Amino acid sequence: MSDARWRQISSGYQTVSGEQIPVTGPAETVARMSQVVGVTAEELQRAGRDDAAAALEEITPLPQPDTASAFSPPVDAVYQLLAALPPEAQDEVLRRLAREHPNAAQPFDAQEHHAG
């Protein structure tokens, strides 16, 4: 989108032959603009743009659940590598993970992982 078009939509008018003509951006365009600047669907509704609010909700990804505890092939591979390390090395890896990612590090039990 050009800077000029952005200004037209955000200001609500464009100048043609010296006259200001009202401009209403399409719902999808306003939704994408809102996404860029952090305007919420609720704010669009308060501004009278229910159509753009609905479009914004459609294009905004849903929050993903915390998958740190769910195993996936890459995570399984990491657990297998960790399980192959001596206990002292496992402890060091876990200390580093806990320091760098305090919310993601969880207790590791290699026996429990291989059993399930």
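Here's a quick briefing on the fold, the core and a few individual residues of this protein.

This is a predicted model, where local features need pLDDT of at least 70, side-chain atom pairs count only at pLDDT 80 or more, and totals for chains, interfaces and linings use all residues. Residues are numbered from 1 along each chain as its sequence is written, and side-chain values use heavy atoms, with hydrogens and water left out.

**Overall layout**
- The protein has seven helices and two strands, taken as DSSP runs numbered from the N terminus (helices: H or I, at least four residues; strands: E, at least two).
- Going from the N terminus, the order of elements is α-β-β-α-α-α-α-α-α.
- Of the 116 residues, 18% are buried (under 20% relative accessible area, with exposed being over 50% and partly exposed in between; 1.4 Å probe, protein chains only).
- Take the contacts (heavy atoms within 4.5 Å) between residues at least 6 apart in sequence: 37% of them join residues at least 24 apart.

**The hairpin**
- Strands β1 (residues 13-16) and β2 (residues 19-22) run antiparallel and are joined by four bridges; strands pair if DSSP finds at least two bridges between them.
- Two residues separate β1 from β2 in this hairpin, and Ser17 in the turn has a positive phi of about 50°.
- Gln14 sits opposite Ile21 in β2.

**The core**
- The largest nonpolar core has twelve residues, among them Ile9, Val23, Met33 and Leu56 (a set of buried Ala, Val, Leu, Ile, Met, Phe, Trp, Tyr and Cys residues joined through side-chain atoms within 4.5 Å).
- Helices α2, α3 (41-46) and α4 (50-59) each supply at least two residues of this core.
- Ala55, one of the core residues, touches Ala27, Glu28 and Ala31, leaving out residues up to four places away in sequence.

- Ser34 belongs to helix α2 (residues 27-37), and it counts as buried because its relative accessible area is 5%.
- Beyond its neighbours within four places in sequence, Ser34 is in contact with Val39, Leu44 and Leu56.
- Arg49 is in the loop between α3 and α4, and it counts as buried because its relative accessibility is 17%.
- A polar atom of the Arg49 side chain lies 2.8 Å from the backbone oxygen of Gly25.
- Setting aside neighbours within four places in sequence, Arg49 is in contact with Thr24, Gly25, Pro26, Ala27, Val30 and Leu44.

Note on methods
Polar contact = N/O pair within 3.5 Å; in protein donor to acceptor, adjacent residues only side chain to side chain.
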